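Try each task yourself before reading the solution.

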Amino acid sequence: MSLQIRIKYFNKDIIKLNKIDQGDWIDLRAAEDVKLCKDEFKLIPLGVAMELPDGYEAHIVPRSSTFKKWGIIETNSMGVVDESYKGDNDQWLFPAYAMRDTEIKKNDRICQFRIMKKMENVDLIEVEALNNKDRNGFGSTGHQ
């Protein structure tokens with residue numbers, strides 16, 4: 001059985017979302033035309049609000065072509081929308097930083113999302129030592 005997600009569109013001109021057979025991500029589109037100058041930041045409206053199922057969250061990341069096409073990066077690397085962000089005015093946004101002057105048109109596919117189960121409850125237990133073998137430092141696979 002598939003998850004059912006209620007979705008509200010903020011604009012009738014936005015192309016409706018759909019899940020393609022290949023891959024686990026669903027493309028999101030700019031809900032309006034946006035002009036950004038180099039070094040400018042803007043929250044780009046994505047034209048949707050969703051009611052995610054209890055125990056799930058959405059992860060939003062740029063598409064692989066986003067930087068090449070428009071020269072923008074997502075300022076927080078990955079957006080997380082939790083299940084409580086589901087009000088009628090809780091429109092999803094893409095926090096964009098422009099590395100060059102750029103223009104994004106309404107319905108351009110600028111990012112993508114997937115639905116993930118939330119992390120289960122975790123108990124953090126403080127210890128003096130972990131007693132495991134070191135891997136030779138951060139950024140190392142343990143091989144030289």
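**Exercise 1.** In what order do the three strands of the open sheet lie, and is their pairing parallel or antiparallel?

*Solution.* Keep in mind that you are looking at a predicted model. Start with the general idea: strands of a sheet pair through backbone hydrogen bonds, either parallel or antiparallel. Here the order is S4-S9-S7, and the pairing is antiparallel. Next, look at the edges: S4 (41-45) and S7 (72-74) each have a single partner strand, so one side of each has no neighbour in the sheet. Finally, compare directions: ignoring which way the strands run, neighbours in this sheet are turned by 40 degrees against each other on average.

**Exercise 2.** Find how many bridges join S7 to S9, and name the partner of Ile 72.

*Solution.* Go to S9, residues 93-98; three bridges join this strand to S7. Then pick out Ile 72: its bridge partner in S9 is Ala 98.

**Exercise 3.** Classify the aromatic pair formed by Trp 92 and Phe 113.

*Solution.* First take the distance: the ring centres are 5.2 Å apart, which is within the 6.5 Å limit for a pair. Now take the angle: the planes stand at 85 degrees, so the pair is edge-to-face. Then place the residues: Trp 92 is in the loop between S8 and S9, while Phe 113 belongs to strand S11, 21 residues apart. Both residues are buried.

**Exercise 4.** Which rings have Lys 8 and Lys 16 over their faces?

*Solution.* Lys 8 lies over Phe 10, 4.7 Å from the ring centre. Lys 16 lies over Tyr 9, at 4.2 Å from the ring centre.

How values were computed: Residues are numbered from 1 along each chain as its sequence is written. This is a predicted model: local features need pLDDT of at least 70, side-chain atom pairs count only at pLDDT 80 or more; totals for chains, interfaces and linings use all residues. Side-chain values use heavy atoms; hydrogens and water are left out. Two strands pair if DSSP finds at least two bridges between them. Helices (H or I, at least four residues) and strands (E, at least two) are DSSP runs, numbered from the N terminus. Axes are lines fitted to C-alpha atoms, for helices over the stretch in contact, and angles run from 0 to 180 degrees between N-to-C directions. Rings of Phe, Tyr and Trp (its six-membered ring) pair if their centres lie within 6.5 Å; planes under 30 degrees apart count as stacked, over 60 as edge-to-face and the rest as tilted. Buried means under 20% relative accessible area, exposed over 50%, partly exposed in between (1.4 Å probe, protein chains only). A charge sits over a ring if NZ of Lys or CZ of Arg is within 6 Å of the ring centre and within 35 degrees of the ring normal.
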